[in-house]
Amino acid sequence: MSPGSKDAIFDVLVVGLGPVGSLGAILFAEAGLKVAAIEKDADVYTLPRAVNLDGEIIRALQPIGLAATVKKMMQPLRCGERVGFANAKREWLFGVDAQPMGSNGWQPANMFDQPELEAFLRRTALSHANVTTYIGYEMTRFFDDSGHVTVRARGPDHEVTLKAHYLVACDGANSPTRKALGIDWLDLGYDQDWLVVDVEMIKPHLLPNEVLQVCDPDRIHTYVATKDPYRRWEFQLNAGETAGHMLMQETIHDLLGSWTPRDTYNIRRAAVYQFHAAIADKWQVGHIFLAGDAAHQTPPFLGQGMNTGMRDVINLAWKLPLVLNGICAPSLLDTYHTERRDHAHDLVSWAVDMGQLMQHLAATEAAERDGKEPPTMGQNSRKSGYGQGREQPPIRSGAVLIEQVSNEGVTGYLLPQPVVRDLKGAEVRFDEFIGAHFAIISHGVAHFDESNLELIDALQIKVIDISVLQLARGKFPDSLRAGGALLLRPDRLVFGHTDASISLDSLLERFAEAIKFSKSA
């Protein structure tokens, strides 16, 4: 949608229309909010960056009808493909095999080409009736006062002044918004220079369909079988090496020479980056939020940089409408910082642990090769590796029943999405029964006091009895035994569940308190 009236006050102003900002604009608009979006670059960046999309993110697109379209852009990890660690000879050490369907109801890891996905998300945002876009505009100043944010942005021919109740800054790792707010980084202790090389395969080749962290003492590196016909390598720079040397064509060809012949590929991109591990000290200042790379930076070993940013806007997409519509108090938005910062911190720390594990495995192989005593593992636990017992972290604070959160629980985690058969025998993913709503999921008819009807009506909470559904694939949590119930947030995270000490009515009361529900809204 083209720019609107200069006097309009938008609900949300999104700065930056990369994949995170574009998804945020779409989700906010689908929730009925009036959105303005500013993007300084007229065109989508044409070279690859992120390459992996979690099934969790595809799941988040189900309620707005985009999951199937995005899925067509994905290449799931191929059947029999592995993700894990290898020694200098590329002999398998440990890891996991590809799974056809994960707990979110979609293939867990999906390779994609970022220019294709990002262009789709931007087009979808630009064409939405609730989104007013300012492409080619760059925010120059902003003010947070009088209950809204005022932004000045310079375009190709003139400057505009925009007003919004809230601003979401998705303006990248060098975020001008974060810098203007004086927000510092919390450094998690990983700063390493790496060469990243993306290629297009142009001839038949023998490259494996795997993701390998190669713990070679001579040079730690990563190989990723991305979406066909593309492949990626990441090479850690050794002591004394310079970016200029690593970016020389002959250097790159030499590094790839042991993987595939020079005439089998064309180089799409080669760049030297310093991988960082850092979290912003603050994610919210007044009516302004940081999201995506503006709020967190991570080494790429888990493939969670873009996915983590998308979780940020998914989190805001159900909270902002509740506040703007007067259903919940503005203090609900305080939970954004507490929920997302801790969750991102856990994932970035895990990526750092994985990098340290790679270094440890390389050092161990070097010691064995030289006949020396191998180093002790120390904090570099093997559990940092793929499939070694470490899972996605839960939400540990915020709008969640905190006392129920544990490392192997249900509360604070995404509810698994099985495929079920409805009463007519049709197979559907379970979320299709919920849409973009809160839900009470029970095994058997759910009974609650009339005092909770106002909450249920105001939030349009779906009440679903799974005892009438038949599982086709996947499963529900064991806590949903006969008579049990849980409360589900729109982002599919479980707020809490009933047990011997918590009835459904008390669960609803705790929920109303946690989300700052305004009675008689």
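Predicted model: local features only at pLDDT ≥ 70, side-chain atom pairs only at ≥ 80, totals over all residues.
**Exercise 1.** Locate Glu 427 and Arg 473 in the chain, and classify each as buried, partly exposed or exposed.

*Solution.* 
- Step 1: Glu 427 lies in strand S23 (residues 427–429), and Arg 473 in strand S26 (residues 470–473).
- Step 2: The two are 46 residues apart, so the pair links distant parts of the chain.
- Step 3: Buried requires under 20% relative accessible area, and exposed requires over 50%.
- Step 4: Glu 427 has 41% relative accessibility, so it counts as partly exposed.
- Step 5: Arg 473 has 43%, so it is also partly exposed.

**Exercise 2.** Find the partner of Arg 232 and state whether the two residues are buried or exposed.

*Solution.* 
- Step 1: Arg 232 forms a salt bridge with Asp 198, with the closest N and O atoms 2.8 Å apart.
- Step 2: Arg 232 sits in strand S16 (residues 230–236), and Asp 198 in strand S13 (residues 192–201).
- Step 3: This pair links distant parts of the chain, 34 residues apart.
- Step 4: Both Arg 232 and Asp 198 are buried.

**Exercise 3.** Describe the backbone at Arg 90, Arg 492 and Pro 229.

*Solution.* 
- Step 1: Recall the background. Most residues other than glycine have a negative phi, and most peptide bonds are trans.
- Step 2: Arg 90 has a positive phi of about 65°. Its place is the loop between strand S5 (82–86) and strand S6 (92–97).
- Step 3: Arg 90 has 29% relative accessibility, so it is partly exposed.
- Step 4: Arg 492 has a positive phi near 75°. It lies in the loop between strand S27 (485–488) and strand S28 (494–497).
- Step 5: Arg 492 has 4% relative accessibility, so it counts as buried.
- Step 6: Asp 228 and Pro 229 are joined by a cis peptide bond, with omega about 10°. Pro 229 is in the loop between strand S15 (221–224) and S16.

Note on methods. Residues numbered from 1 in each chain as written. Heavy atoms only, no water. Salt bridge = Lys/Arg side-chain N within 4 Å of Asp/Glu carboxyl O. Helix = DSSP H or I, 4+ residues; strand = E, 2+ residues; numbered from the N terminus. Buried < 20%, exposed > 50% of the residue type's maximum accessible area, 1.4 Å probe, protein only.
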